[in-house]
Amino acid sequence: MSYVEIRDLCFFYFSAKTSVIDNFTFSMSKGEIVGILGESGSGKSTLLRLIAGLETPSGGRIRISDRTVVDEKTFVAPEKRGVGMVFQDYALFPHLTVAKNIAFGLHGLSRSERKSRVREMIELVKLTGMEERYPHELSGGQQQRVAVARALAPKPDILLLDEPFSNLDADLKGAIREELRIILKTAGITCLLVSHDPQDIEAICDRAIRIGTPVAR
Amino acid sequence: MNYTRLIRNIRQYANGWLIMSVAAAAMVLLPLLAIALSIFFAPNENWIHITQYMVRDYVIQSVWLVLFTGAATTAVGGLLAWLIAAYDFPLKSFFRWALMLPLAVPPYIAAFTYGYMLSYTGVVQTTLRSWGIEPDQAWFDILSLPGAVFIFTMFLYPYVYLITRAFLERQCGSYIENARLLGRSPLSIFLKVVLPLSRPALAGGVTLVAFEVLSDYGVANYYGIQTFTTAIFKTWFGMYDIDSATRLAAWFMLCIVFVMLLERLLRRRRRYSATTGRYSPLFPKRLGGVSAALATLLCSVVLLLSFIFPVGQLLVWASWTFHDVAFTANFGLLTYNTVKVALIATALVMVFSVIVANTSRMLNNTVGIALAKTMTIGYSIPGAIIAIGVLSLFIALDRQLASLYRSLGWGESPLVLSLSLFMLIFAYVIRFMATGYNAVDSGFEKIGTKFAESARLLGLGMTRTFFKVDLPLIRGSLAGGIILTFVEVVKELPLAMLLRPFNFDTLSTKAYQYAGDERIFSAAVPSLAIICVSLASILLFHQLGKEVRS
């Protein structure tokens, strides 16, 4: 039984003639890190948004961890899907500190549980000592780690990463890729990563698929 | 779309936010529907008289007023914007912000101030006579159509000036510098490059001016010009014929809708891509000698006429009457009434704006756009029409509730709602919803949806997301919206005149009453109070804008 199962997923905008995603079928097992490779405009970000519940598919269904989150009859709201996502530009809340950003999704926990989970996350992403900083006081790589920690803190079933390296300097990419791979492996999270750069995917993922128009080799 | 999907979609979107938004949109639309329906009832005998003897002149006068004012504000506002944006001359940085000050003076206050200043006993003619000059009265005949155009131009040009200046300063530097490098003269750059490029900005400003002129009651009535708004007033208070007034309002509204559709249609074909939002600042060029002096002179003349002379005159009058007017219980009551009504209306406007703007951006579809459009419709509908719509709605409501009143022992079919202050507040909310809504909406646009989306994915529902993430991030825009809406309500005249409960006065209605009763000097104190509130808000808003940018 697959952990994440997507069947016949379709998505198109009402105004557009062609569909962004056309009968996409895909599955992955628990703990797997899968990369999705595609040109810009191939619908890879849309795919993540559909899984997260930020867009509604025009057809098809998505199951995560044996629960149907969207099909003809069902639509589970994003806050109830158990999906974590790291946005392309991280979307760290500018009015909250690092610790408060990470604690943001832990509102169901008691104060002490929350505190220990935040500490755990800070250690995981190696940001000890930065808890009280604001996002704009961090480097790009540090911001990314906060975003990963924030998304992982509530223990989602799956983590989605949207172009995680597009905002970083080229010469830093190698080191940061390695860091991220270690974080994800340590957390043992099921992860779906989207990128236009084959190197990103090679460095981090167990397996890669390509969507959109196939590029001739 | 099949049935199961429909059910799913309804479940997905139907939450408290959507329900409240639809209710808010209905609240805005109901009074307008109430007016539109009146077309289908049989007219009474007054209507024949009105159509035969009044409508034609009123339409023509309204159209002239809007056209002349539009042309004049474009000229004054556009020219000043260009001078300030493209050139450097003595006192320029002072004029840059001072030229927006006339916005603090409501045109009806300016109208009676100028009316008296230029009269036989006014300061201008008495001064001339003291110099031994006996001027011809015809020179000072401001109580006329050209006079009204002058007043509207001098006190509404800042709309055009501010929008156009912002556009020129920020977005068209590269075009103008290119034109300069290509060897064009300043005049030819202005005519061939600046004017065509800033057409969208000019049009935006002039549209606001046109709405203000159409909505005006104070200036037209005081200067004896017959416009559609004064026609509605006359039918209502002169003939006590609300049915005909409603019918007039309905036709007026149809005209406005028609003009707006026409404008949309005309514009669709050519869109100016200049407003792409790409930042391309214009670096001002230094003027020297005669041209610098001329630029300073022009700005000074405009500022004197549009702010310093009238406000100075009001200050002088106020100093004569201050003790008789300001230190009375009545004046305290006026201020209290004004502030109370403005605060309640502003609070309601902001709450509804926030609810609908947030729903609209979360829906992100045609329903969302329709909701947003509905909320802002009030700004393009003149106050007198909204007043009639609200009144018809409330009278109908009172009729429906008559049995309830009877059971409460309030007598046979009394008018409870339609005699209450609630009606005026309701009308303010509809009329000025756009001011608050646009501020909130631009705040949301600035932060985008990504923060809200992250919060949702971290397990917060729409409401908690709003309070924990969106609200702190749009605080600045919210403050701006509150200030602007508050001032609009304080300055407002026609709605207050038409819908205030018996014996209820605000600063604006009292000032206008004093002026109408030839007690100009007494009108100065409440007028200055309004101007002070507006000035303070403008300066505060200006400061807020600076902080946001830095």
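Colleague: Which are the buried residues of helix 6 of chain B?

Modeller: A word on conventions comes first. This is a predicted model, in which local features need pLDDT of at least 70 and side-chain atom pairs count only at pLDDT 80 or more, while totals for chains, interfaces and linings use all residues. Residues are numbered from 1 along each chain as its sequence is written, and chains are lettered from A and ligands numbered from 1 in the order in which they are written. A residue is buried if 20 or more other C-beta atoms, placed from the backbone, lie within 10 Å of its own, exposed if 12 or fewer, and partly exposed in between. Helices (H or I, at least four residues) and strands (E, at least two) are DSSP runs, numbered from the N terminus. In helix 6 of chain B, the buried residues are Pro107(B), Tyr108(B), Ile109(B), Ala110(B), Ala111(B), Phe112(B), Thr113(B), Tyr114(B), Gly115(B) and Tyr116(B). The helix, residues 107-117, is thus mostly covered, with 10 of its 11 residues buried.

Colleague: At what angle do the axes of helix 6 and helix 15 of chain B cross?

Modeller: Two packed helices are described by the angle between their axes and the distance between the axes. Here the axes of helix 6 and helix 15 (residues 289-325) of chain B come within 10 Å and cross at roughly 80°. Helix 6 of chain B is therefore roughly perpendicular to helix 15 of chain B, a label given to angles of 65 to 115 degrees. Axes are lines fitted to C-alpha atoms, for helices over the stretch in contact, and angles run from 0 to 180 degrees between N-to-C directions.

Colleague: Which residues meet there?

Modeller: Contact requires C-beta atoms, placed from the backbone, within 7 Å. Ala110(B), Thr113(B), Tyr114(B) and Met117(B) in helix 6 meet Pro310(B), Gln313(B) and Leu314(B) in helix 15. By class, this contact has 5 nonpolar, 2 polar and no charged residues. Ala, Val, Leu, Ile, Met, Phe, Trp, Tyr, Cys and Pro count as nonpolar, Asp, Glu, Lys and Arg as charged, and the others, Gly among them, as polar.

Colleague: In what order do the strands of the open sheet of chain A lie?

Modeller: Strands of a sheet pair through backbone hydrogen bonds, either parallel or antiparallel. Two strands pair if DSSP finds at least two bridges between them. In chain A, an open sheet of 4 strands has the order 2-1-4-5, with antiparallel pairing. Strand 2 (21-28) and strand 5 of chain A stand at the edges with a single partner strand each, so one side of each is left without a neighbour in the sheet. From one strand to the next, the twist averages 25°.

Colleague: Which residues are bridge partners across these strands?

Modeller: Strands 1 and 2 of chain A pair over 5 bridges, and Leu9(A) has Phe24(A) as its partner in strand 2. Strand 1 (residues 4-11) and strand 4 (residues 59-64) of chain A also pair over 5 bridges, with Arg61(A) the partner of Arg7(A). Strands 4 and 5 (residues 67-70) of chain A pair over 3 bridges, and Ile64(A) is partnered by Arg67(A). The hairpin of strands 4 and 5 of chain A has 2 residues between them, and Ser65(A) in the turn has a positive phi of about 50°.

Colleague: How many residues of chain A are in contact with chain B?

Modeller: There are 22 residues of chain A in contact with 19 residues of chain B. Strand 6 (residues 83-86) of chain A gives the largest share of the side of chain A that touches chain B, 3 residues. That side divides into 11 nonpolar, 6 polar and 5 charged residues.

Note on methods:
Two residues are in contact if their C-beta atoms, placed from the backbone, lie within 7 Å. Angles under 35 degrees count as roughly parallel, over 145 as roughly antiparallel, 65 to 115 as roughly perpendicular and the rest as oblique.
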